[in-house]
Amino acid sequence: MKTYHYTHEVTKAVERVIDTLDTGTYGLLLQRDEDTIQDLKDDLFVTDDVTGNGSGSYTFNTRTAEENLIGNWDLLRDAHRDLCPDVDLIEKGPEWCDVLIRVYVLDWCIENALNKIVKEEK
């Protein structure tokens with residue numbers, strides 16, 4: 001079974017959202033306007049198509065979430081330690097864990113997507 005690559009997949013999801021932005025917002029992102037970037041982060045944090053955090057599930061399928069976690073236990077451990085160390089992951093379940101990882105890598109993925117866009121615009 002192929003290991004799900006969270007940073008790659010979340011970056012692609014971020015890029016899809018950025019592609020739908022109006023030209024003004026897109027331009028501000030290219031200029032690295034801090035307020036615009038923070039607004040984007042806030043929006044994507046709860047966007048189901050990116051993190052699943054709005055509804056509590058990205059996959060809307062427990063089995064798919066379980067499959068995404070295979071090979072990503074270190075990433076889950078880091079996300080758990082850094083974001084919510086007092087939460088029982090087994091009790092929360094695989095869909096919650098999948099969302100936790102997506103939220104954990106979100107800032108890096110946004111930065112990665114912005115770097116790619118700026119590079120392509122040059």
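Is Asp78 buried, exposed or partly exposed?

A word on the model before we look around. What you see is a predicted model, where local features need pLDDT of at least 70 and side-chain atom pairs count only at pLDDT 80 or more, while totals for chains, interfaces and linings use all residues. Residues are numbered from 1 along each chain as its sequence is written, and side-chain values use heavy atoms, with hydrogens and water left out.

Back to Asp78, then. With a relative accessibility of 18%, Asp78 counts as buried, because buried means under 20% relative accessible area, exposed means over 50%, and partly exposed is in between, using a 1.4 Å probe and protein chains only. Asp78 makes a salt bridge with Arg77, with 3.2 Å between the closest N and O atoms. By salt bridge I mean a side-chain nitrogen of Lys or Arg within 4 Å of a carboxyl oxygen of Asp or Glu.

Now the overall picture. The chain has seven helices and zero strands; helices here are DSSP runs of H or I with at least four residues, strands are E runs with at least two, and they are numbered from the N terminus. The C-alpha trace spans about 45 × 30 × 25 Å along its principal axes. A compact globule of 122 residues would have a radius of gyration near 14 Å, and the chain agrees with that at 15 Å. That radius is taken over C-alpha atoms, and the globule rule is 2.2 Å times the number of residues to the power 0.38. Of the 122 residues, 35% are buried.

On to the other salt bridges. The structure holds nine of them. In one, Glu111 pairs with Arg32, and the closest N and O atoms are 2.7 Å apart. This pair links distant parts of the chain, 79 residues apart: Glu111 sits in helix H7 (residues 94–121), and Arg32 in the loop between helix H2 (23–30) and H3. Glu111 is partly exposed at 36%, and Arg32 is partly exposed at 28%. Arg32 also has a phi near 60°, a positive value in a residue other than glycine.

Phe60 is another residue with positive phi, near 55°. Phe60 lies in the loop between H3 and H4 and is exposed, with a relative accessible area of 56%.

Helix H4 (residues 62–69) holds both Glu67 and Arg63, four residues apart, about one turn of the helix. These two form a salt bridge with closest N and O atoms 3.1 Å apart. Glu67 is partly exposed at 28%, whereas Arg63 is exposed at 57%.

Last stop, the surface patches. Patches are made of residues with over 30% relative accessible area and no salt bridge; like charges are joined within 9 Å, and nonpolar side chains (Val, Leu, Ile, Met, Phe, Trp, Tyr) within 5 Å. Met1, Ile70 and Trp73 form a nonpolar one, with about 380 Å² of accessible area together. Such areas come from the Shrake-Rupley method with a 1.4 Å probe, and for residues only the protein chains shown count as cover. Ile70, in the loop between H4 and helix H5 (73–83), is partly exposed at 39%.

And which residues form the negative patch? Glu34, Asp35, Asp39, Asp42 and Asp43 do. Asp and Glu count as negative and Lys and Arg as positive, with His and the chain ends not counted; each charge is placed at NZ of Lys, CZ of Arg, CG of Asp or CD of Glu. Asp43 belongs to helix H3 (residues 34–45).
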